[in-house]
Amino acid sequence: MTDPVFLAGTDDRLPEVGQTYELAGEEGRHAAVVRRIAVGEVIIVADGIGGAIRGPVVSASKKGLVVEVAERLTQPATQPEVIAVQALAKGDRGELAVELMTEVGVTRFVPWQATRSIVRWTTERADKTLGRWRSTAREAAKQSRRFRVPTVDEAMTTDGVTALLADCAVGLVLHETATETLPQVLDPSTTPAGRPGPIMIIIGPEGGITDDELAAFTAAGARPALISDGVLRTSTAGAVAAGWLRMGRP
């Protein structure tokens, strides 16, 4: 089994080989008390942006751990870079979507206030739910042994999402009425050479994407794509698409 990964404090600078690092705060207490990491065990502490240290624990207490740095590690950015525009969903389905897509390598999330989203992010609700999405991304990054934590933007409207498409190499709308599968849409022999940039996948809410939304996205250059012979839940559709983009492409 690979070494467990924990995240350094936001403002912490990871030390060099031969030095020590104190994993304190909530993360340190979780490692020492909940995970029961003991002296002598080897762990990885990541900075959330691609760097990490690895080494044995030399001290453990209820306050956290002290790690001796045996090596510095780096993890390159995932390719292709995938941005997931996730429609707001009821219950914990939005968080489940973030968890699954983080595990397969999505690098950025854009919460989308779609027309048919049952949930509406008012100011107070937006702050709380956005915090849960970001916390979910952090935990999923650790679980999947990633050194990079995906960013989670503030919620956007359809107009905001449409504007983002201008900076993407490819935009994909997951839609059950599409006539081409995801591999067909991205087939190099039938797809014109795209501009540089990430791939964006747009995942609709439980009620589906409206005709006006689909028209706006396609007018901005996005292409509808099928990822299944059935209709997937909003919490799982993005992970299926992102998994293929990250591992299934030639």
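**Ground rules**

I am working from a predicted model, where local features need pLDDT of at least 70, side-chain atom pairs count only at pLDDT 80 or more, and totals for chains, interfaces and linings use all residues. I number residues from 1 along each chain as its sequence is written, and side-chain values use heavy atoms, with hydrogens and water left out.

**Strand β10**

I started with β10, residues 170-174. Helices (H or I, at least four residues) and strands (E, at least two) are DSSP runs, numbered from the N terminus. Is β10 mostly covered or mostly open? I found 4 of its 5 residues buried. Buried means under 20% relative accessible area, exposed means over 50%, and partly exposed lies in between (1.4 Å probe, protein chains only).

Next I looked up its partners. Strands pair if DSSP finds at least two bridges between them. β10 runs parallel to β11 (residues 199-203), with 4 bridges joining them. Here glycine 171 faces methionine 200 of β11. β10 also pairs with β12 (residues 223-225), again in the parallel sense, over 3 bridges. In that pairing leucine 172 stands opposite arginine 223.

**Salt bridges**

How many salt bridges does the structure hold? I noted 9. The criterion is a side-chain nitrogen of Lys or Arg within 4 Å of a carboxyl oxygen of Asp or Glu. I checked several of them.

Glutamate 71 meets arginine 54 at 3.1 Å, N to O. Glutamate 71 is in strand β6 (residues 71-74) and arginine 54 in strand β4 (residues 51-61), so this pair ties together parts 17 residues apart in sequence. Glutamate 71 is partly exposed at 31% relative accessibility. Arginine 54 is partly exposed too, at 26%.

Aspartate 153 bridges to arginine 108, with the closest N and O atoms 2.7 Å apart. Why does this pair tie together separate parts of the chain? Aspartate 153 sits in the loop between β9 (151-152) and α4 (158-164), and arginine 108 in strand β8 (residues 108-112), so the parts are 45 residues apart in sequence. Aspartate 153 is buried at 16%, while arginine 108 is partly exposed at 23%.

Glutamate 139 and lysine 142 form another salt bridge, at 3.2 Å between the closest N and O atoms. Both lie in helix α3 (residues 123-143), 3 residues apart, which means about one helical turn separates them. I read glutamate 139 as partly exposed at 40%. Lysine 142 is buried at 7%.

Last entry: salt bridges with shared partners join Asp3, Arg54 and Glu71 into one network.
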